[in-house]
Structure formats: C-alpha cells, structure tokens
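Keep the 3D view open as you read.

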Amino acid sequence: MAPSEGAPGLPRAEALPPTGHHPRPDAWGKVLGQTRYVGDLSLPGMLHAALVTSNRASARVRALELSAARSLPEVVAVLTAADVPGANSVGVIFPDQPLLAVDRVRMVGERLALVAARSREAAAAAVGAVRVELDPLPSVHDPVAALAPGAPLVHEGGNLIRTFQVVRGDVARHFRRATVVFEAEYRIGGQEHAYLEPQGCLAVPEGRQRVTVYASCQCPFYVQQAVARVLGLSLAAVRVIQTPTGGGFGGKEDYPSEPAACAALLAWHTGLPVRLVYSRETDMQLSSKRHAMVVRHRWGADGAGKLCFAEVETFMDAGAYVGLSTVVAERANVSAIGPYHVPAVRVRTHVVYTNNLFGGAFRGFGAPQVTVAGEATMDALARRLGLDPVEFRRRNVLDDRRRTTCTGTRLERPVLARQCLERAVELAATTPPVAAGRGEKVGTGVGLVLYGCNLHHGGQRLDRSSAVVILQPDGSVVVRVGLTEMGQGLLVAVQTVAAQALGVPPEAVEVCLPDTSTVADSGPTVASRGALAAGRAVLDAVRRLRRRLDPVAAELLHCPPRQVELLGGHARVRGEPERAVPIAQVAAEMAARRIEAIATGWYRSRPRRFDAASGQGGAYDFYAVACHLAQVVVDAELGLVRVARVVAVHDVGRVLHRPALEGQIHGGIVQGMGWATSERLAVREGRLENPSFTDYVIPTASDAPVVEIEAIEGAAGRGPWGSKGIGEPSLIPTPAAVRNAVCDALGIELFELPLVPPVIVAALGQRHPFAWLREQPADEGVGVR
Amino acid sequence: MAEPVRVRLRLNGELREFSVPPGRRLLDLLREDAGLTGTKEGCGAGECGACTVLLNGRPVTSCLVLAASCDGCEVTTVEGLLAATGEPHPVQRALVEAGGVQCGFCTPGLAVTGAAIIARGVGKAPERSRLISGNLCRCTGYLTVLEALERAGGAADGAE
C-alpha cells in the first residue's frame, strides 16, 4: 500500500525514510551489567527507608506506638502524618488518598508511618518495633456488592465514584429486530504488572528548600507534582531525574509518586539522602493492579448475521482510592463494543470503591477486560446463529464503507480491521495445524481491537511533549525529551526519528532520559504515545534548528537554503547529490560563527470535542486496529492451557524501528497470554495471598508461543512518518483470542478470566485430579507452572 | 552480633577477600561489598533469576546462597563474562543483535545463564528454553532471547 502523502514530519510527496533496524542504544550498557538502576545508586550517608503499613482492609487506627522504634540503634527518623509539611495527599486525579493515614485505613498496605535507618536491616527492625493497634471496621470486597443498599461505605458519600456512558441509537427498537439475543456476566480478574525491577527511588535534599529525586518511573512530572505537594515546595524546587527503569507496563505511571513522596519526606526531615527500594513482596502487596471487572452483556443479532444492538454494564473495582480508575474507565467505556458496526449501543461503566487493592494503569488501560467480554459474546452469537466466528465478524467489522464507531466517530480511510482479520486467518492457514497429544484438545480463537491512539479526550490537556535538540560542533547530536524509556524502546524510536530528520547515522544521536529541569512538562509516558509525542516534538525541534543550520549549509554549498536536504551524513543540494558537505563540517562552521546550535520542540494533539453524557464525539485523535489469532492446546484432564501459536496482524501506520515494534508485540502477546491463563491474583479480604513469583505465575521461556507478526503500513497515524502507537494494541487482543481458543478446544463457554486449571476443570464438570492437594472451592485454586 | 566470617573468592578471575556477617547473602556481598551492581535483585526468593551468577561454573541464584558458604569458590558475575581482551561474551553480543534486551533488568541474569547454556553446548531449542526458564523476563516474551541463544550457540560452535 502506498504511504499516505503529507505524513507528519515530511514535506508532501517526499519519500519516507527507511525503517530502522540498528541495535537499541541502551542495549550494551544493560547486557554488560553497567547500566545503573536506582537500587544500584548510593551516596555517602544514605539512609534506607521502609514503610509501616496496615494489615487490615478496613479499620480505625486506635494506637500507633513509635517510641520503641525510635529508640533502636541506627534508626534516624520515624514519621507520621503529623510530620507532613505540605498536603498529606497523593491522589493523582482526586485528592482522596493520604500519603500517611491519619485515623482510618481503607485497604491492606495503607501507609501508617515511615522509617529511615542507617541500614536496611535496622529499617526493617524499626518497622517491626512499631506497635499498630487497629479496630476492624466492616469492609466490602466486590464492586457489585459495594453498590447494594447497606453496603459498608469505603468513603463517606457512597461507593459509586462515577458512571460513564455511551448512548447511541434506539436499543429498544433494534432489540425487536434481533432474532438471537445473548446475555452473560463475565468476571474478569486483575493482573500484577510484575516488572522485573521493583519500585524504587532515591531522594537527595538540599536544605528544606530543594530536593532531587532519582526514580524508576514512567512519569517524572507526576512524581515532581506529588513531591512538591507533599513538601509544600514549588515545582521548580523539585527536580526529578528518571533512572533506567526496569519495566513499567502502567505500574510505574501513578504509583511511583507514592514511594517518591515518602523518600522525599524522610530526606527533607533528616537532611540526608534516602533510598526506598521495595522488596518483591512489598511491591506486589502495595502497588496498583489491573482492575478486576464484572462485565454484563446483552447483545443481539438478526437472521442475516448482523449485530442489532449491544448493551454493556461494567462494574470496575477501583479499590479503596480513585487513583487513575476514572481515567481507565473512560477507555474501558468506549472500548466495550470493539471494531464492529452496531446500530444501537448502550454502555454504562461504573467505577466503584471497595476495600481491595487499588486498581490503576496497566497496558491496555481497561480495554483488555471489556475486549475479552466483547469477543466472547461475538463467538457466542456466532455459535447461536450457526456461523463460523470469523464469518460472523466479517459481516460486522468496520470497514471503509461502514466506519462509524460506537462513539459516533467516522474513522479515517483506509479502515484496516477487515484486512487484519483476513490476513490473520490467511497466515494461520499457511502452516499445518497444531498437533494434539493424548488427552489434549486444540482450538483456535480470534480477538480484534479498535485502539484509540494516544490519550482519551478526558486527558487531552496532558497530551503535549517537549524536546531539545543540540547539535555538537563535531556533528553529533544530543536529544532531550520529556518521555521515558522503560524497556519499550522509546530511546531507539526517538534516536531513529532524530537521525532520519537530521540525515545522520543513528549512532551520532544520543537520547537522554528525562530530567524535569531540562525539558518542559511533557505529560505521562502512557497510552502508546511515547514515540508519537516525543518523536513529533523532536521533529519540531529539528525544524527550528534547520532555520539556522540550512543557511550555513547553503553558503557552503552555494545554493539557496530551501534547496538544502540532509541525508546520509551530508547536507546536499536537492536533486544534485554530488554537491554535498558533511554535516560535521556544517556543525563546525556553526560553532565557529557562534550560531545557536540548540533548539526546542513542542507537540500537542489537535483539540477535539466529546460529550461525556452520551459518550459521543472525538474520544481519541486517531485509531489503530489489530487482530490476533491464537491456537491453543488444552489438557482437558489437568485443565492446563498451552498457547502454541499467535498470529498478530497490526495496522501500524508506519514502522519506525522494526525490532522495537516486534519486541513490543512479542511482549504484549506473552503478557496478555499470562493474564489469560495463569496469572491469578488470590485476593482474600483485600489481602493478596500470593505476593511472590512462586505463587503468582507469569510465563517463562518454556511457555513462549510461536509468534507470527504482520505489520500493515499505509493507514497513516499522526506519529512521525505516519506511525501509530503499538505498546497497548500489542496486548489487548491476545487474552480474548486465547479465551476463545480454549472454548473452541473444549466446546464450552467460559465466563471468567484467568483460565487457571481449576476454572477449566470445574467448567467441564470434573473434579480436579489434584484437588486433594488443597481442598478448597475451585475458584480458590493456585496456578500451575 | 555473630563473628564476621572470612570469605575468599576468585571473583571474575581476581582473588578477593571479604569479611561478612554469617547471614550475608552472596548477592549482597557482590552488590554491596564488591560493588558489582550488575547482578540484580528481582525477587529475593530464587524465582526470577535476575541475580544469577556462576558459582564454580554453575548458574545459581545468588539471593539464595550464603556468602559464607562460598569460601574458596570461583564466582563469575555479568561483569566477568567479558573475555580478557575486553570482548563481550557471544551471548551478550547475540542478545544485543537479536533485540533480546528491553528494560534490561533481567538481562544480566539471562546473559549469565545463557553463557552457561552455551558452555554446556546445548544444541536443542526446547532444551535451551527449559534451561533458560528460570530467568523471568516481562518485556520480550522470550522470543528474541531464545533467538539470541541460538545465534550465540552457533557463534560459539564456529569459534571452536
């Protein structure tokens, strides 16, 4: 398919730069063990922090006895809410969450006191010496039960935080047309991010006027805001430097603000550097999770196999504090229908307080849960209509002709949802089917996603990004951006864009991790927007730099400045490639003439309108589609699922860097597969009972499926060279495809996730062969590695 | 307090001597006493493999090994995988070139286990997957990691 004209960053009709293939710039430091993560940093006099937390989900604090802890050797500070100089609040959107609890705790893991000591051992001893007396209060642990009359209130004012809606068409009228109606309730579990590097930060004070925080995080500007608020300092007085970050997946979006505020408060009081690095158990117990949801469906289709209406009611378990739940709900709300044409739609998404662990950002941001439900219902309707699931989707998927989404947005052409579906089916047919062993059953399932790229309308004020480009006198380039590398490949994407825009080899470009003192607030690194937003800001900076660079090059080349092009390490005369000077020579000439060799760049998305009451309007700036097809092998006796193969077809606009794109898709598929098959959060009375990699089972190398990827270019997005985001669409369709494949294999319908062995065995009406190992209800079973 | 214990190691080829509390983990000796922070702590329970080092040539999770039990042993960390010439180990080069490095926190452990797999001359892909499955990675989905092991195995064979 021909690339669209006028892709961002390119003059009309200019050829697209080639896709990058070079190794990522951060790879060597990491593989040699030289990259310094925050836990590898220490400073003279540095203290170690630890947290005193609640072990009850709902209680009144009767007593907090600190004197024994304070008198222990090597303990320097023990702080409570009374020691907070600014606002005792860390909520990112809504100020309902205290940094330190005052008289009431609403969840397990809620902070009661902070400790700083000369060693980790002394800090742990001090935590053990704090006497906490809690008077239990009634608690509620299910989002549906929390809305029932008489349910215990998590906060005064009720457990319903907010309801989002999509209202489109006349459901009652289209209901009457339907020949098949399917109703179901899906119970979708949460998920732990399980980034390999636990949460961590290091706060370095300078008097009580200023603090520098080194943090493993996705959003240094969120950390800056939280620390400034808690300490009562200006934003300028709080400098946050992102340290190399060992995985995020949303888990380091809002949460790192909390440990950072703790470490900064201890540093502010003690006048010493304070490092806080979580153990794995603490990390899993305290940090945010993918939201558990209850999704109720009533969808109908007519005799021709066309969808008539869809009603969705979702109950999102926010946990005890809002965090990012309302924002996650915005995406869940408008993602509930998928890439299908439905004349009448009614979606309600309730965000509900409970006394559970709090839900937060996790790759997909509410879309994976509703996509599992939506794609399950698509299969259920197909079965009841006597249609093949692929054929049923063919009849309903959005395309160039029918391209209006459930939010009333007319998608830009070409709409590639149908192509993604057809290509996935074709690719799957090119290899022999997966072989089943004795007692095993094989199945195939598909999942599709319509992904709104970038931030939802509700967050569009954050959709901005800052960049600085510095041309060194030798022609090498330093680039600073406000968005973060956490493993996903932002550095290599930005490096590729900057190198192509300046016509230099990628090795000539160094991209720095963000430092809030060097770039403007760029919003969060989320919503698959990193390469898009940072890349666009870099292109803007390069455009401004060229206003000064091109005239110098033009003088050296004896041509008008508008004839200058930058390519292959040279400034050349357009159309006359033999007339060229090395960019290094142009840079040296700029330095000799003392011409400003630094430029800033800015990006913001186009403003759009959206009516929150009806859920109609410009929910997102632009869209991407994808289809995953999964082939699974199920051991029907043990209930074990093995995902043998996943075919992933993505509408990517343009591939900026091939290995980074494929790395995102591989990782998204396996993370989605883990959630669908083995990653079960065993939460009882609000307490996580499996906070370890022994009991919370994430995929290993032995579980990795064969993955085939096809990236379709040409439906231009608004990233550099027409690219779209890939971080989240790489995960969203997989759990749905895996769930549908398992049902196909077994010939049954399953209504919960993850599909751990006891769920499958119980659904088959069997007793699990290993049930004697742990006598308990089927839904309390443990995963099997 | 218990008496400190003397621990002599051949650490990345160099003779080193440490005096540590009896309960000190090998991981802490490496990271804090020897300053070798390339070895990471991901779980502290022997589950994730980020702290993998070679103890007398065998991969171990150093968070589960008492430093005091290593007196007289040879220990190789990720920093010690480099050849005497300063050349990276074939598995390190392969991880970079195959795109097997993303966030990088699991990478030192993968490189160390990978080096042991290559040294053992494991030729079959399923066996390599099984042997590397003690090293968790949340970013790559393992596909490029397994490709890197295959490439490095080839490179090591070619060098013989």
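## A covered helix

H9(A) is mostly covered, with 17 of its 19 residues buried. Buried here means that 20 or more other C-beta atoms lie within 10 Å of a residue's own; 12 or fewer makes it exposed, anything in between is partly exposed, and the C-beta atoms are placed from the backbone. You'll find this helix at residues 367-385 of chain A, where it reaches 26 Å from its first C-alpha to its last, close to the expected 27 Å at 1.5 Å a residue. That expected span is 1.5 Å times one less than the number of residues. Just after H9(A) comes Gly386(A), with a positive phi of about 70°.

Helices (H or I, at least four residues) and strands (E, at least two) are DSSP runs, numbered from the N terminus.

## How to read the model

This is a predicted model, where local features need pLDDT of at least 70 and side-chain atom pairs count only at pLDDT 80 or more, while totals for chains, interfaces and linings use all residues. Residues are numbered from 1 along each chain as its sequence is written, and chains are lettered from A and ligands numbered from 1 in the order in which they are written.

The pLDDT is the predictor's confidence in each residue, from 0 to 100. Chain B has a mean of 94, and 96% of its residues reach 70 or more. For the complex, the predictor gives an ipTM of 0.97 and a pTM of 0.96.

## Chain A

Chain A has 17 helices and 31 strands. Its C-alpha atoms fill a box of roughly 80 × 75 × 50 Å along the principal axes. A compact globule of 785 residues would have a radius of gyration near 28 Å, and the 27 Å of chain A agrees with that. (This radius is taken over C-alpha atoms, and the globule rule is 2.2 Å times the number of residues to the power 0.38.) Of the residues in chain A, 60% count as buried.

Now for one residue: is Arg298(A) buried or partly exposed? It counts as partly exposed, because it has 18 C-beta neighbours inside 10 Å. Arg298(A) sits in strand S13 (residues 293-301). Leaving aside neighbours within four places in sequence, Arg298(A) is in contact with Val181(A), Glu183(A) and Glu311(A). Being in contact means that the C-beta atoms of two residues, placed from the backbone, lie within 7 Å.

## Chain B

Chain B comes to five helices and five strands, running β-β-α-β-β-β-α-α-α-α from the N terminus. Its radius of gyration is 16 Å, close to the 15 Å from the globule rule for 160 residues, so chain B is as compact as a globular protein of that length. The C-alpha trace spans about 50 × 30 × 25 Å along its principal axes, and 55% of the residues of chain B count as buried.

## Where the chains meet

How many residues does each chain bring to the contact? Chain B gives 41 and chain A gives 42. On the chain B side, helices H2 (90-97), H3 (107-119), H4 (125-132) and H5 (143-159) each supply at least two residues. By class, that side has 22 nonpolar, 14 polar and five charged residues. Here Ala, Val, Leu, Ile, Met, Phe, Trp, Tyr, Cys and Pro count as nonpolar, Asp, Glu, Lys and Arg as charged, and the others, Gly among them, as polar.
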